[in-house]
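Trainee: I would like to learn how to read the chains in a model like this one. Please take me through it step by step.

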Amino acid sequence: MKALEFRGRKRTKELLSQIEREIPERRVKVMHVCGTHESTICRYGLREALPENLELVQGPGCPVCVTPTERVDEAVELSKKDGVIVATFGDMTRVPGSSESLVADGKNVRIVESIEDVVKMETDKEVVFFGVGFETTASTYAPVLLEDHEGFSFLSSVRRIPPAINFLLEECGADVDGFIAPGHVSVITGSEAYREVVDRHGKPVVVGGFEPLDVLSSVLKLIRSIKGEGKLVNDYSRAVDEKGNENAQRLIERAFKVKDSSWRGLGDIPDSGLELKNEENDVRKKFDLNIEKDKTRPEGCICEEIITGQSKPDDCKLFAGGKCDPRNPVGPCMVGSEGMCNVWYRYGGT
Amino acid sequence: MTDIGLEEGSGGEEMMKLLEESVLPHLEGGDLEIGLEEMDDGAAWELPDGNYLVFTTDTHVVKPLFFPGGDIGKLAVSGTVNDLAVMGADPKYLSSAIVVEEGFEREEVEEISRSMGETADEADVNIVTGDLKVVERGGLDGITVNTSGVGVAERLTKSSSLEPGDSIVVSGDVGRHGMAVLASRHGLDFSIESDVNPVNGLVQKLMEVDGVKSLKDPTRGGLAAALNEMADCSGVGVKVSEDKIPLDSEVEGAGKVLGIDPYGLANEGRVVVGVESPFVDDVMDVLRKSSLAPGAEVIGMCKEKNPGKVLLETEIGTKRVLRPPHGDPLPRIC
Amino acid sequence: MCLAIPGKVVSVEGNKAEVEFGGVVKEVRIDPLEEEVEAGDFILNHAGFAITTVSEEDALKRKEELDNLESGVE
């Protein structure tokens, strides 16, 4: 798919120079909220290539990272029940719960790449799908949840991005100058979903794609917005439009209801979660789960500051001291493949 | 102390830590030219006639046992032959120790043995001794094969001999074996075959080129691990260009689908060569003439800056550090 | 989990499509899509589901835009 790759050397050099020329002299802080954006940034060494006074941070864009301990504990408890299989995406199986994590033994806990894999599983047992994700992934869960499936239940850890961005600005006083909105969440929600961020908080938002030139283009457009040009910019128009994918939105609306939700690192955010409408598939109706809310925070872990863009992985003593790595993750930012610490560990941080 | 995890078998940082902390301190390595401390592909000691006897061992746990392009038998023989070859030895004799799970199919044992025999013929080595054990059902997953091998070397290649200015060459496209096994395991529709092959003949010809200093077979941990070892052992910085690293488009495509970086995937029929730059063309001549070196490329150079690190120039012209792979996205690859 | 990979539709049957990704063919569900797709169309695959289509025309438009971005012309 070469036509969809935007990676030219010459263009890169030119965009970098353009950014260098146009960026204000003061410190400019820009936040993106997507692990895939962070991957592109690290994989192509973009932070190092961008101007020094540009601070590019990652917000709460890793669905695995923001899943609270209680959810993991529920999944672990379920996996121990007779006649139950818990299925989920790979990195959920290493997130630390309050005392243990889901261990993918291939028997009671299985790794899948899609909710569709769960539907195709041949087993007499009850399969519980531990569904994490944001709006993008919700659009894949909805069609299956609207179907009739025997022996299938859903443990929801699905959240919405725009409320989290608003929350960061209102409650956390995030001192960012602007946001790069996640391109594929925006495919579903449409660029207008960020109108409140722009109108209420006066912060520019640029919807960005994931090729290296996409990221550089979005940075340039965000700089221009910060300096006064149009505040809500769709820089991923080959996949995103203003209203989004309305069919997907309808499917999500039919399968889920909006509720308040707890985010690891941020606490409770109103209207930020998606729970099942059809209680037949809801694991909490089928099983009696009694999990305490875990208020503890692993010692030395600064995941919460990282998720809110206040610190970077190398600010963390555990990260810098080699005490937290993907094999022995202390906090969720190291576990999720989209967590900032995990991406930095793999790509060396720039 | 924690229990052993799959990551510790991956050939990456975790495995090194496990070996350095729990295994090596208890072993008396002996006083050899290349011994345990070097953690090289094998061991070597000097014979009375001035040549070196080279000795290596490997246990194979690949899953699935039969994958596109090969099977555990071909892998077991090729792996050990190649380890000897990249140390500079002419491989001569192998042992084969098989442990089979109760209930395993006899025809498959035969198929695997046939494969081993054929590969040994191809490599011009003999399997001269062996062992067979059966464990109870559940005691093992199917079958595991260990091959040990000996060979004789006139001169030994060392990972520690590289200097700034030396060039790095790779003999063909990377990530194939790992990707073939993985795709096969996930039931993906994939026409890529593993690159598993004994390459001792090719290595022999490369050794005849003056200026060839270091050879590595990038198995577990892939190209990334091999380059980092070279940088670390020699104390040089290694700088490579992403657009020079040969990568098959299907391997690349599968990597995107599976979310895995081909640079960290095992290769079982490739060689990474460290050579003095004036002799690069001679190395490329040898490689171009070989059917075992499809798409060989000069991928980079050794530098004085950033010793011990591998710097990758990305396809867009920016730079990043190519770290040794961590964790085990792929257990049971070799 | 924003990862979505572009692929080319090979065939469509009901709510499923066979989609090719750089030589590898996978089955993808097309329920979330807003429009019908047929062989030759491109989609973005996220966790086994197509979330949108992308056209070569859009890709070319983007290339043009990136080429002109420097001078501030959009």
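This is a predicted model: local features need pLDDT of at least 70, side-chain atom pairs count only at pLDDT 80 or more; totals for chains, interfaces and linings use all residues.

Mentor: Residues are numbered from 1 along each chain as its sequence is written, while chains are lettered from A and ligands numbered from 1 in the order in which they are written.

Trainee: How many helices and strands does chain C have?

Mentor: Helices (H or I, at least four residues) and strands (E, at least two) are DSSP runs, numbered from the N terminus. Chain C has one helix and five strands, and their pattern along the sequence is β-β-β-β-β-α.

Trainee: Is chain C spread out or compact?

Mentor: The radius of gyration is taken over C-alpha atoms, and the globule rule is 2.2 Å times the number of residues to the power 0.38. For the 74 residues of chain C that rule gives 11 Å, but the radius of gyration is 14 Å, well over it, so chain C is more spread out than a compact globule. The C-alpha trace of chain C spans about 45 × 25 × 25 Å along its principal axes.

Trainee: What share of chain C is buried?

Mentor: A residue is buried if 20 or more other C-beta atoms lie within 10 Å of its own, exposed if 12 or fewer, and partly exposed in between, with C-beta atoms placed from the backbone. In chain C, 42% of the 74 residues count as buried.

Trainee: How many residues take part where chain C touches chain A?

Mentor: Two residues are in contact if their C-beta atoms, placed from the backbone, lie within 7 Å. Chain C brings 25 residues to the contact and chain A brings 39 residues. On the side of chain C, strand E4 (42–46), strand E5 (49–54) and helix H1 (56–68) each supply at least two residues. H1(C) gives the most, with five residues.

Trainee: Which classes of residue make up that side of chain C?

Mentor: Ala, Val, Leu, Ile, Met, Phe, Trp, Tyr, Cys and Pro count as nonpolar, Asp, Glu, Lys and Arg as charged, and the others, Gly among them, as polar. The side of chain C that touches chain A has 15 nonpolar, three polar and seven charged residues.

Trainee: How many residues of chain B are in contact with chain A?

Mentor: There are 14 residues of chain B in contact with 20 residues of chain A. Strand E14 (residues 319–321) of chain B provides the largest share of the chain B side, three residues. That side has two nonpolar, six polar and six charged residues.

Trainee: Where do the domains of chain B lie?

Mentor: Domain bounds come from an automatic or database domain assignment. For chain B it gives domain 1 (31–153) and domain 2 (159–321), with C-alpha centres 23 Å apart. Their contact takes 25 residues from domain 1 and 24 residues from domain 2 of chain B.

Trainee: What is the strand order in the open sheet of five strands in chain B?

Mentor: Two strands pair if DSSP finds at least two bridges between them. The order is E1-E2-E7-E5-E6 (chain B), with mixed pairing. E5(B) and strand E7 (residues 143–153) of chain B run antiparallel and are joined by eleven bridges.
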